[in-house]
Amino acid sequence: MSAGIVGGGAAGLAAACLLARAGVKTAVYEKQPRVGRKLLSTGNGRCNLTNLNMSPERYHGDVRAALRAFSAQDAIAFFERLGVACVPDAEGRVYPASNMAAGVLDALRLGAAEAGAELICDFEVREITPVRDGFRIAAADGRSGYAAQLLLACGGLAAPKLGAGSDGYRLLQRFGHTLAPRYPAIAPIRVEPAAVRGLKGIRARGEISLIAGGKCVRTEAGEMLFNEDNVSGICAMQLAAQVNARGGRGLMLRVNLLPGAQGDEMLRRRALLPERALEDFLSGLMPRRLGQTLIRAAGLGPMNLSAGALSDSDCMRLQACLTGWMLPVTGTAGFEQAQVMLGGARMDEFVPDTLESKKQRGLFAAGETLDVTGDCGGYNLHWAWASAALAAQEMIRREK
């Protein structure tokens, strides 16, 4: 028997390593000139491999079987066997010791090839046809291949410049599979430009909450980055999936730039710095331009006014703005700026414990092709490894 893998990304390469290592004749069909291009951009080029705080609650979609089959420790052991030393940070994110995604890609590529897998690039799969005892795999240029079992690991729509596309969905739909709506996830959140005008490139730390109908949907803490018409940074981008799941409009971001502050923080600051002009009143707490924007948002001014001239109610109004600055949401950035995708091939059309199609025996799927999306912090790459392992486990069992 033999196994074919369509897609030479994170999930496809991991599956190739596991299958070939188990003695299964394996071929990877990749439409790009080389495998793993998107992997090079993960974790800002550092490649956040997994997270020690692994939990199903970190995902949209049913990942329980995959996490049981392949834990964070299993991921670390898998990569260490490939020669990649792994180092966790204080928040549980696990990186290669080299801090280089290129080293991870090399390890996967070399590991698959050394185990005997064939990596076939520039092979754009146009058609998959069930034949006796397997599948015929036809390329756009007329070439073809054969596999007794087939894994689709074509990725999603995020980052099209790195090779993302709809190939996997097109192929699965021909077998009768249906798709959950697909949206950008882990992407900048667009807000009314007037609210953040002049803040391009400003970074700050704090908390961001997504507000829908006056209620908090989710809160994230960490660094945020302001741009001409959006807010990015991990704590904002984590909320993108919820923004898109709710239609993207009629929502607000509540930005807290002084988490943990006492209710009289601005009263005490006025007493400490009575001669300081408002334009510099918040300098030292946050970037100067951001402080000036928040002073204006609180309705205070002019900027040359001394802080000592602020009334108690002025100080409390400023405090409320610093801890609850409301930004109207207009949507999210598109797939070009998204790290991953929300939606995909419906999970209920695949066997949970094997990821085999319920519509076509011998056909499996893994990674972002399926309707599973994780939080930022190594969870999406872990899903790639874990779903590949779950499918490969069943493919190996059948081989034997």
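**Aromatic rings in this model**

Let me begin with Tyr379, which is buried, with a relative accessible area of 1%. Please keep in mind throughout that we are looking at a predicted model.

Which ring does Tyr379 pair with, and at what angle do the planes meet? The partner is Tyr59, and since the centres of the two rings are 6.0 Å apart and their planes stand at 90°, over the 60 degrees that the term requires, the pair is edge-to-face. If you follow the chain, you will find Tyr59 in strand 4, residues 59-60, and Tyr379 in helix 12, residues 379-399, so that this pair links distant parts of the chain, 320 residues apart. Tyr59 is buried as well, with a relative accessible area of 10%.

Now to another pair, formed by Phe135 and Phe175, which is also edge-to-face, with 6.4 Å from centre to centre and 75° between the planes. Here, too, distant parts of the chain are linked, for Phe135 belongs to strand 9, residues 134-139, while Phe175 lies in the loop between helix 5 (167-173) and strand 12 (179-185), 40 residues away. Phe135 counts as buried at 1% relative accessibility, and Phe175 is buried with a relative accessible area of 13%.

How many aromatic pairs does the structure hold? There are seven, and ring pairs also join Phe70, Phe78, Phe79 and Trp385 into a cluster.

Finally, let us turn to charges over rings. Arg182 lies over the face of Tyr169, 4.8 Å from the ring centre, and Arg269 lies over the face of Phe281, at 5.7 Å from the centre of that ring.

Conventions
Residues numbered from 1 in each chain as written. Predicted model: local features only at pLDDT ≥ 70, side-chain atom pairs only at ≥ 80, totals over all residues. Heavy atoms only, no water. Phe/Tyr/Trp six-rings, centres within 6.5 Å; stacked < 30°, edge-to-face > 60°. Helix = DSSP H or I, 4+ residues; strand = E, 2+ residues; numbered from the N terminus. Buried < 20%, exposed > 50% of the residue type's maximum accessible area, 1.4 Å probe, protein only. Lys NZ or Arg CZ within 6 Å of the ring centre and 35° of its normal.
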